[in-house]
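Visitor: I have a model open and want to go through its packing. Can we start with how helix pairs are described?

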Amino acid sequence: MRTAFSAEQLTDPHLADAERQLRTCIHCGFCTATCPTYTLLGDERDSPRGRIGLIQHMLESKAPPTKETVLHLDRCLSCLGCRSACPSGVDYSALIDAARAHIEKTYQRPLIERLFRSFVLFVLMRPGVFSVLSAAAHVAAPFLPGKLGTMAKKGRVRRRPARPAPIAETSAAARRVLLVPGCVQRALAPSIDAAATRVLARQDIKIETLKTVECCGSLAYHLGKIDITKTYARRLIEAFEDASKVGEVDAVLITASGCGSFLKDMGRVFADDPAWHARAQAFAAKVKDFTELVAVPPPPPSAFALRAAVDKSAAPPPRGGEEKSGVRDLLVAYHPPCSLQHGQRIHGKGEKLLVAAGFRLAPIPDAHLCCGSAGSYSVLQPEISDALRARKLDSIRTTGATLIASANLGCLTHLSGDVPTVHIAELLDWAQGGPKPQM
């Protein structure tokens, strides 16, 4: 498609990138079938093709967007299902990210909306604040109005184990991996990083936590707040560089795939900053998802031997009967996060790991569609988010699954309810003899 950006506009690397993507788009419409909001709402302006038209007009004009344009762009989940479906190779993320930054700079939202978005960001990016508020939020949720009540319902903290499980000793030649602890995950589910550490230690991978890092900046980035994003991202890059001075770093790990997708794209974030661009690219090149670091194990032993290995580390069963559930007693619906399959473009690895560990899988019919979580989206757009959640859970129920597994805390929290949700790291740890995850 044709564009009309000025030469001056194209000196901005972000606009130049967006312009390349606009010229690549042929408006074929393949993306519409994979867009959760379009399939739900049926409005062309809530499809990737429609949003691309809105973005082009907004960016070319340099004028503040209309209220209607902001409405439809705010409804985008950034799931990037459109990117996976596009036959022309349009990288939609470059467009929506540039659009959100432009909206943040030029559009004046209503005061109440501005205050709420700032409050959400302030709480979610600070694990200490989130932990304190989460302690009371779940109880107070029924009494809080509107979006505050929706946000409070997300604050269910998993119980910490009374006795931490031991971590296997690694050798002197162990690979060195730096762990970035997620901001929300650190408060809600610290058991996930603990399980990932045990799984990787059994592969002779040594995990070192970057304790000075509070947040990676992903949440701010997807709200268009670039200055806040860069402040947090610089701290993370500096922590990585300091750790690299001590010894070789094989990889940087974050067990929340949504944050991982952002971290792998860090070079683009600093495309307009010559002093940090190369440093950001060097950092991004080291980022790996948990499923990329875990080796697919050999075929599991017999069911009897597997059960014995699992039960050996578990607490003795209560009198009058054996433990009700084991690895092979579960039928697992693995929900691949959009940030993993469309953002990081990792397909099928989680399923292979679970099958190799002895779990029975129940394929989800619409596994390519977003569940509606999308970071802060479930709080800022609760009606659409809840509708997508209901649709996803209906699909999962058709499989008869007794457990939902995923690689992203946001998806697990959003889908929690009648069917238990567990991170893939916790399941693999359990299958290898670690503690049974909280369900």
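Guide: Axes here are lines fitted to C-alpha atoms, for helices over the stretch in contact, and angles run from 0 to 180 degrees between N-to-C directions. Note that this is a predicted model.

Visitor: Fine. At what angle do H11 and H24 pack, and how far apart are their axes?

Guide: The angle between helix H11 (residues 190-201) and H24 is about 45°, and the axes are 8 Å apart. Angles under 35 degrees count as roughly parallel and 65 to 115 as roughly perpendicular, so H11 and H24 are oblique to each other. The crossing of H11 past H24 is left-handed.

Visitor: Which residues in H11 and H24 meet?

Guide: From H11, Ser191, Ile192, Ala195, Ala196, Arg198 and Val199; from H24, Ala425, Glu426, Leu428 and Asp429. Sorted by class, that contact has 6 nonpolar, 1 polar and 3 charged residues.

Visitor: Next, the largest nonpolar core. Which members touch the most others?

Guide: Phe290, Leu354, Phe359, Leu427 and Leu428, out of 33 residues in that core. Helix H24 (residues 424-431) contributes the most to this core, with 6 residues.

Visitor: What is Phe290 in contact with, leaving aside neighbours within four places in sequence?

Guide: Phe290 is in contact with Ala196, Val199, Leu200, Leu253, Thr255, Ile424, Ala425 and Leu428. Another core lies apart from the largest one; its 29 residues include Leu178, Ile237, Cys259 and Phe283.

Visitor: And overall, how many helices and strands?

Guide: The protein has 24 helices and 8 strands. Of its 439 residues, 53% are buried. Of the contacts between residues at least 6 apart in sequence, 74% join residues at least 24 apart.

Key:
Residues are numbered from 1 along each chain as its sequence is written. This is a predicted model: local features need pLDDT of at least 70, side-chain atom pairs count only at pLDDT 80 or more; totals for chains, interfaces and linings use all residues. Side-chain values use heavy atoms; hydrogens and water are left out. A nonpolar core is a set of buried Ala, Val, Leu, Ile, Met, Phe, Trp, Tyr and Cys residues joined through side-chain atoms within 4.5 Å. Buried means under 20% relative accessible area, exposed over 50%, partly exposed in between (1.4 Å probe, protein chains only). Helices (H or I, at least four residues) and strands (E, at least two) are DSSP runs, numbered from the N terminus. Contact means heavy atoms within 4.5 Å. Angles under 35 degrees count as roughly parallel, over 145 as roughly antiparallel, 65 to 115 as roughly perpendicular and the rest as oblique. A crossing is left-handed if the near helix is turned anticlockwise from the far one by less than a right angle, and right-handed if clockwise. Ala, Val, Leu, Ile, Met, Phe, Trp, Tyr, Cys and Pro count as nonpolar, Asp, Glu, Lys and Arg as charged, and the others, Gly among them, as polar.
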